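The sequence and the model come first.

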Amino acid sequence: MKLATLQAQLPDFEIRLLTLADQEALLKLEQSNPRYHQYFSPEPLTMTEVQHD
């Protein structure tokens, strides 16, 4: 699905591709909900694991 199409369907959200600059925010998000990470990976939550995701 094109980003423009998705943005049109969800106008109240900012939709963009993630970049390496987003890694720290993603790590904090996953740390705020440890169960989320447990569902998707048996590995400990590290920056390397976030990069892999």
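Which element gives the largest share of the lining of the largest pocket? The answer is α2, with four residues. The model is a predicted one: local features need pLDDT of at least 70, side-chain atom pairs count only at pLDDT 80 or more, and totals for chains, interfaces and linings use all residues. Residues are numbered from 1 along each chain as its sequence is written, and side-chain values use heavy atoms, with hydrogens and water left out.

**The largest pocket**

The volume of the largest pocket is about 220 Å³. A pocket here is an open set of points on a 1 Å grid over the protein atoms alone, where a 1.4 Å probe fits, with protein on both sides within 12 Å along at least five of seven lines; lining residues have an atom within 4 Å of a point. Grid points are joined across faces, edges and corners, and the volume is the space filled by probe spheres set on the points.

The lining consists of Leu18, Thr19, Leu20, Gln23, Leu26, Leu29, Glu30, Tyr36, Val50, Gln51 and Asp53. Two or more of the lining residues come from each of α2 and α4. Helices are DSSP runs (H or I, at least four residues), numbered from the N terminus. Sorted by class, the lining holds six nonpolar, three polar and two charged residues. In this scheme Ala, Val, Leu, Ile, Met, Phe, Trp, Tyr, Cys and Pro are nonpolar, Asp, Glu, Lys and Arg are charged, and the others, Gly among them, are polar.

**Helix α2**

Helix α2 spans residues 23-31, and its buried residues are Gln23, Leu27 and Glu30. Seen down the axis of α2, these buried residues fall within an arc of 65°, so they line one face of the helix; the arc is that of the directions from the helix axis to the C-beta atoms. Lys28 and Leu29, on the other side of α2, are exposed. Buried means under 20% relative accessible area, exposed over 50%, and partly exposed in between (1.4 Å probe, protein chains only).

The buried residues of α2 pack against α3 (34-40) and α4 (47-52). Gln23 touches Met47, Val50 and Gln51, not counting residues up to four places away in sequence, where contact means heavy atoms within 4.5 Å.

**Accessibility of selected residues**

| Residue | Relative accessible area | Class |
|---|---|---|
| Gln23 | 11% | buried |
| Leu29 | 56% | exposed |
| Tyr36 | 43% | partly exposed |
| Phe40 | 63% | exposed |
| Glu43 | 46% | partly exposed |
| Thr48 | 56% | exposed |

**The aromatic pair**

A search of the whole structure finds one aromatic pair. The ring centres of Tyr36 and Phe40 are 4.9 Å apart and the ring planes are at 50°, so the pair is tilted. Rings of Phe, Tyr and Trp (its six-membered ring) pair if their centres lie within 6.5 Å; planes under 30 degrees apart count as stacked, over 60 as edge-to-face and the rest as tilted. Both Tyr36 and Phe40 belong to helix α3, where they are four residues apart, about one turn of the helix.

**Other residues and distances**

Glu43 sits in the loop between α3 and α4. Leaving aside neighbours within four places in sequence, Glu43 is in contact with His37 and Glu49.

Thr48 is located in helix α4. Thr48 and Leu27 are 21 residues apart in sequence, and 9.8 Å separates them in space, C-alpha to C-alpha. For Leu29 and Glu14, 15 residues apart along the chain, the C-alpha separation is 17 Å.
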